[in-house]
Amino acid sequence: MFSSIYIVLIILMIIIDNMMKNNLVLTLSLTLTLFVPNCAVTVRRLHDVDKPGWYFLTAIPYTLLKLMCTDSTPGPNQYGENLIG
């Protein structure tokens with residue numbers, strides 16, 4: 001959910017920046033503001049699929065996208081209980 005809202009906000013900021021001729025100032029400020037929460041959500045999602053958070057820094061973008069779209073591991077894993085079931 002966070003990532004979907006983040007993508008929509010970035011697209012809106014790009015449109016607004018282009019309309020105001022701001023050279024992407026709003027987009028850059030939004031990106032820098034939401035960088036840490038975006039990292040936290042990504043690491044939490046990687047933990048859901050039983051992968052270490054360091055994959056976020058070392059993974060190839062295609063592999064990271066694949067991991068983000070896979071289903072959570074069933075039952076508990078080393079990072080905690082599966083909240084979905």
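Which residue forms a salt bridge with Asp48? Select Arg45: its closest N and O atoms with Asp48 are 3.8 Å apart. (A salt bridge is a side-chain nitrogen of Lys or Arg within 4 Å of a carboxyl oxygen of Asp or Glu.) Side chains of opposite charge can pair when their charged atoms come close. A search of the whole structure finds 1 salt bridge. Both partners sit in helix H3 (residues 35-48), 3 residues apart, about one turn of the helix. Helices here are DSSP runs of H or I with at least four residues, numbered from the N terminus. Arg45 is buried, at 17% relative accessible area, while Asp48 is partly exposed, at 35%. Buried means under 20%, exposed over 50%, partly exposed in between, using a 1.4 Å probe and protein chains only.

A quick word on what you're viewing. This is a predicted model: local features need pLDDT of at least 70, side-chain atom pairs count only at pLDDT 80 or more, and totals for chains, interfaces and linings use all residues. Residues are numbered from 1 along each chain as its sequence is written, and side-chain values use heavy atoms, leaving out hydrogens and water. Now colour by pLDDT, the predictor's confidence in each residue, from 0 to 100: the chain's mean is 82.

Next, select Tyr6, Ile10, Met13, Leu30 and Leu34, the largest nonpolar core. Such a core is a set of buried Ala, Val, Leu, Ile, Met, Phe, Trp, Tyr and Cys residues joined through side-chain atoms within 4.5 Å. Helix H1 (residues 2-20) gives the most to this core, 3 residues.

Last stop: Ile16, also in helix H1, is partly exposed at 31% relative accessible area.

Conventions. Helix = DSSP H or I, 4+ residues; strand = E, 2+ residues; numbered from the N terminus.
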